[in-house]
Amino acid sequence: MAMLTRRGFLIATGWVAGGATAVYAFRQRATAVGPTIIFPNQESGAAWLQIRPDGVCQMYFPRMEMGQNVNTGLAQVVAEELNLQTEDIVGITPSTSDVPPIAFTAGSLSMTLFSRPTAIAAAALRERLRGLAASQLSLPPAALLDAPGGFRTAAGDQLTYADLVDNNNLMVELDADQPLPTLYTFDAERKKTQVGRAVKPLDIHALVTGGPVYAADVPVAGVVFGRAVKPPVRNASIAQLDTSGVADVRGFIKLVRDGDFVGVVCKTPSAVDAAIGKIKVDWTLKQPINQGEVDRLIDVDAEMAQGDLEQVLQDKAHRKATEWAIDLRFDVQTQTHAMQEPRAAIARVNESQQLEIWTGTQDPWAIKRLAALDTGLSEDNVVVYPMRMGGGFGGREHYDVELDAVRLAMAVQQPVKVQWTRQDEFTTSRSRPASAHRLRIATDADGKLTDWWHAYITGHVFLARDRLPGWLMPIARLDEDLGVVRGAIAPYGAPHQRVECKDVDFPIDLGVWRSLTAAPAIFAMESAMDELALQQGKDPVDYKLAQLAGQHPRLRNCLTRVRDKAQQYDLPPGAGVARGYACGIYEHRCFVAISAEVQVDAQTQQIKVLRMCCVQDVGMAVNPGQLRAQVESNLAWSVGMALMENFEIGDDQIKSSNFDNYPIPRMADMPSVDIEIVDQPNIPPAGAGEVAIIAGPPAIANAIRRATGYRALRLPISYADTTTA
Amino acid sequence: MKLRVNGVERGVDSGWQNENLLVVLREQLGLAGSRYGCGIGQCGACVVHVDGAPVASCMVPVTQAADKDILTIEGLAAPDGALHPLQQAWIDENVPQCGYCQSGQIMQALALLQQNSDPTDADIDLAMNGNLCRCGTYDRIRKAIKNAALTMQEVS
């Protein structure tokens, strides 16, 4: 792609001509493979916003929506800087042809990385408009005071943005060496009108009226339907293929075979089901698939018997032989995303021989590059229209359903819609790998931590197969997998401390799942600390606070407050009812503490989480409403991880196929919740999408320990487990 | 073959009579608000009303819906666009996260309130048990149903 000038680029996109526009263009280029990692920085931001001649502010939304509703938060930043109402901002999700590549939406980094560049662009626009207003009135800019939607003078004159902006293009660019305008968003002293307000998602109306917002909803003329046969693992190859009878299906259009890809195109969805049902494939697997193989691969004790694990993440005067107060092994299950929307994509080749793709993806620019590589088309001839996702949770970063749609559409030269079935969604899952943890802790006579040794084995996460080209993988894997090590370092300090891990190649596909390894690792650590406190006859919260003394004040604050909050509620009477606590730090800047009340009911033979309280501190609370929603979601996922979900691997197949055999929390499983968001106006906002899940599962496990004496060493926990204590 | 959808008579092309009701609504009639989630009636994303009863439209052969009254999420608001109290309550409680399950949730909640104008938590747990929300908006759904129940009592 030729580098256009910024002005040229905006005109080329069909962005409304006329009006005033603030631009921070990206200067970096995307690499062809791997995720799009062009994040905004001080010099190259991500905001395209414009005041149209009618005074309306519109912005290209730089983030992909999957439930976090983060663009609404960025619109709040724009509204704060420009003295507008957030609800009046018009947001547009750009196609890959509208703007240069923007980093993929992942890792709960959107507010952290995009809020400041967005604020800078909006503030630069505001100050330029203030200058225009000043020259119109022949006053110095300082005489123009902020007013809703414009400026005013001390004498009472008003100028709105519509008065200032005309049909001549006015481009506002900020170079790196220019001083920054005042950023209202980050001014802790300022009484804010937009930031800090619980603004509802700007597109909420469409979500309650059944609007066509997801990929499969897009009406495309002449569309036909297709699907591909899904192998149990992506590196499988076809040993034997039987397609007899497929062409006899009523409505059949075409069978497409391309190496290990087999798919069909038909006139209706039921014909696709029938045709796929007739295709029989024997797959050749590179590794046998079964649960025993996974268990063998992650057997941390067997590996430790052979010596040190591959990656040493922390090593501080480590002592191998000492008197261990705690020496426990924790096993955490494989889990899948199970987002509510099974993936779908529509592809067509248009009259200009351009390949168009409608899809819900965390990384539209990667889809564009990979579709170009896949088809041999130039990148200029591929356009991706990103649609809202019905959930993401880390599972939608790859060229997956898009590949099916693209290959089938190219083969029939007709628009093809591919709607994965729920079983396709499970079979193709890039799951959160199971893990096994050995945790050893020693203390002095007063109970103070002296030794901490955490060793664990899990599957690859960021460096799972297919996430990078095959030739690059061995080189990448020489370094640590940042997904595998996420959350591994404990907040508790000890003079002797070692954390080591190993990541292995699972027989099934793996990938990024909400919080990566942090939730499993912190489940193990917080369970072990709870057990240690009980062993010493101490209150677990008091004990943890004592071990955190002098460190991590934001974490201690969360833990203290969540105890106060939880104790406002009387535990219901009866046997098997108790409360447990856990806390944790995610990505060094997100702090959370959770209490869980559980009832282990001998009559119904069920474990029920009655109530969860959560105190979370992720810095500035730009939109407390959305932060709260993310916590609620993490609490629901905590119940699923602790008590329900288990991705089942059968013999050379994936056994979990639908919600009947992979149960996720339902309405009756959802506890009452009481959530407090700690606002830190002086600390830049961090993401909340995958924070509370680090402390929820251990809080539930610790409550079960209190209620029954059973220390959960394996997830998910069933009622039967608690009776074998 | 004809369907009566949201009060309007709609024809179904002959090539589509082997499909389920959800597919016909979405792909033939352009009513994409009912969503596909599991295909086996386990998630509730596709709930519509057939002759006043909530059903998982992915499980209903379209031929079985012939000549019946079908209500989908698109038919819930008034013709002038005024939202149904349930839709308004969903906005007031800021229920949706990803939003994918919410059409089905609202249609299921409508069936509940038509049977029971003042549901308890236990009533809601029972009635909504077939509607999954992976984002975990359940607590807000509960509140929104109760709010809508109040509004609907005031109206009636």
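The model is predicted, with local features requiring pLDDT of at least 70 and side-chain atom pairs counting only at pLDDT 80 or more, while totals for chains, interfaces and linings use all residues. Residues are numbered from 1 along each chain as its sequence is written, and chains are lettered from A and ligands numbered from 1 in the order in which they are written.

Chain B contains an open sheet of five strands with mixed pairing and the order 2-1-5-3-4. Strand 2 (8–11) and strand 4 (53–56) of chain B each have a single partner strand and stand at the edges, so one side of each lacks a neighbour in the sheet. Strands (E, at least two residues) and helices (H or I, at least four residues) are DSSP runs numbered from the N terminus, and two strands pair if DSSP finds at least two bridges between them. On average, neighbouring strands of this sheet are turned by 40° against each other, direction ignored. Axes are lines fitted to C-alpha atoms, for helices over the stretch in contact, and angles run from 0 to 180 degrees between N-to-C directions.

Four bridges link strand 3 (residues 47–50) of chain B to strand 4 of chain B in the antiparallel sense. Within this pair, Val50(B) has Ala53(B) in strand 4 of chain B as its bridge partner. Helix 3 (residues 102–115) of chain B packs on the sheet and touches strand 3 and strand 4 of chain B, its direction making about 40° with that of strand 3.

Between the chains, 46 residues of chain A are in contact with 48 residues of chain B (C-beta atoms, placed from the backbone, within 7 Å). Helix 5 (204–208), helix 6 (269–278) and helix 16 (624–644) of chain A are the elements giving two or more residues to the side of chain A that touches chain B. Helix 16 of chain A gives the most, with seven residues. This side of chain A comprises 24 nonpolar, 14 polar and eight charged residues (nonpolar: Ala, Val, Leu, Ile, Met, Phe, Trp, Tyr, Cys and Pro; charged: Asp, Glu, Lys and Arg; polar: the others, Gly among them).

In strand 9 (residues 224–228) of chain A, five of five residues are buried (20 or more other C-beta atoms within 10 Å of the residue's own, all placed from the backbone). Val224(A), Gly226(A) and Ala228(A) lie on one side, and Phe225(A) and Arg227(A) on the other. Strand 9 pairs in the parallel sense with strand 19 (residues 416–419) of chain A over three bridges, where Gly226(A) stands opposite Val418(A). Strand 9 also runs antiparallel to strand 12 (residues 261–266) of chain A, joined by four bridges, and Phe225(A) has Cys266(A) in strand 12 as its bridge partner.

Definitions and conventions
Two residues are in contact if their C-beta atoms, placed from the backbone, lie within 7 Å. A residue is buried if 20 or more other C-beta atoms lie within 10 Å of its own, exposed if 12 or fewer, and partly exposed in between; C-beta atoms are placed from the backbone.
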